[in-house]
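Me: Hey, I've got a structure open here and I'm new to it. Can you walk me through it?

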Amino acid sequence: MKVLQKLYVILGEQTEKQRDILCSTLSGLFPYLNLTANLYLVTKSLPQALPQIELIQKHVSNFLKENLFARLYVHIVHPAPQTGMKDIGFCLQNYYQPLKEAARFFDREGYVHQEVPRLILLPVIVPSSRVEPGSLKALLDSLNASFLLPTLYLDKNTFLLGHDKELAARAEKVYYGTNNSGECGEIACGLYCNDILDEMSDMLLPEALFMTGRCPSAVIISADDGMVYPCMEAFLRGETLSDIYADPDVDKLMDL
């Protein structure tokens, strides 16, 4: 059986019917995931996407409760909030605390069994070029204090933030993108590229290395139009594999 390592979902505007189809598709794909897998939810607005994220997390929880050997890392990728501490506190209290509370079952389960929880929420913060490093550090500190291990996504406009050792030390990981538009699709590709490099790190040699194999098994889904792409290259070329809104058959999708 084909096993998927990662799912990338680019969130966007949806009707209620489309939202239900997306969640049903994801639930159908979960059994095809590796026992430890990653789900990336990429949005340009955390407040607008929160209802979608909460619903997807509910489906993730239901799957994990039925499949006790599975573990899923859910990366919530979104722009940094406004610079003030008031905005940071609002973000934590109104967005992340409800998500964390919904995952409490798995935190308790991990504590009882003295192991890493099977559902882990990982914020991926995408700062703009206008962000104040001090405010960004405060945000990362607040997330760490809430046991939400944050990572950073830096592009051409914010690349220099990665030189701040105090800032980098507060992040679990730093992703580097090659674009500067901040579009969700480009961010998803940047994450995908970084994941490929991480998985190839043991193979790196002083001389040039060329990839001759396939991309890691992953699926990219655009929630805006329901289009599915089998890899990053297909996404960049606009070569769709399926349209879940027109044909929501997950088994057929996996056959393709």
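This is a predicted model: local features need pLDDT of at least 70, side-chain atom pairs count only at pLDDT 80 or more; totals for chains, interfaces and linings use all residues.

Me: Which residues does Leu64 touch, apart from its neighbours in sequence?

Reply: If you skip those within four places in sequence, Leu64 is in contact with Ala70, Arg71, Leu72, Phe106, Arg118 and Leu119. Take Arg118: it sits 54 residues away from Leu64 along the chain, yet the two C-alpha atoms are separated by 7.5 Å.

Me: What about Ser61, which helix is that in?

Reply: Ser61 is in helix H2. Its relative accessible area is 8%, so Ser61 is buried. Beyond four places in sequence, Ser61 touches Ala102, Phe106 and Leu119. Phe106 and Leu119 are also among the contacts of Leu64.

Me: Let's switch to Lys100. Buried or exposed?

Reply: Buried: Lys100 has a relative accessible area of 17%, and the cut-off is 20%. You'll find Lys100 in helix H3, residues 85-102.

Me: What does the side chain of Lys100 reach?

Reply: The side chain reaches the backbone oxygen of Phe147, at 3.3 Å. Phe147 is also one of the residues that Lys100 touches, along with Asp107, Leu121, Ser146 and Leu148, not counting residues up to four places away in sequence.

Me: Let's zoom out. How many helices and strands are there?

Reply: The protein has 9 helices and 9 strands. The radius of gyration is 18 Å, close to the 18 Å from the globule rule for 256 residues, so the protein is as compact as a globular protein of that length.

Me: What does the C-alpha trace span?

Reply: About 50 × 50 × 40 Å along the principal axes.

Me: And what share of the residues count as buried?

Reply: 48% of the 256 residues.

Me: What share of the contacts is between residues 24 or more positions apart?

Reply: Looking at contacts with a separation of 6 or more, such pairs account for 68%.

Me: Last one: how many charges are there?

Reply: There are 22 positive and 32 negative charges, and their mean positions are 4 Å apart.

Conventions
Residues are numbered from 1 along each chain as its sequence is written. Side-chain values use heavy atoms; hydrogens and water are left out. Helices (H or I, at least four residues) and strands (E, at least two) are DSSP runs, numbered from the N terminus. The radius of gyration is taken over C-alpha atoms; the globule rule is 2.2 Å times the number of residues to the power 0.38. Buried means under 20% relative accessible area, exposed over 50%, partly exposed in between (1.4 Å probe, protein chains only). Contact means heavy atoms within 4.5 Å. Lys and Arg count as positive and Asp and Glu as negative; His and the chain ends are not counted. The place of a charge is taken as NZ of Lys, CZ of Arg, CG of Asp or CD of Glu. A polar contact is a pair of N or O atoms within 3.5 Å; within protein, one must be able to donate a hydrogen and the other to accept it, and residues adjacent in sequence count only if both atoms are side-chain atoms.
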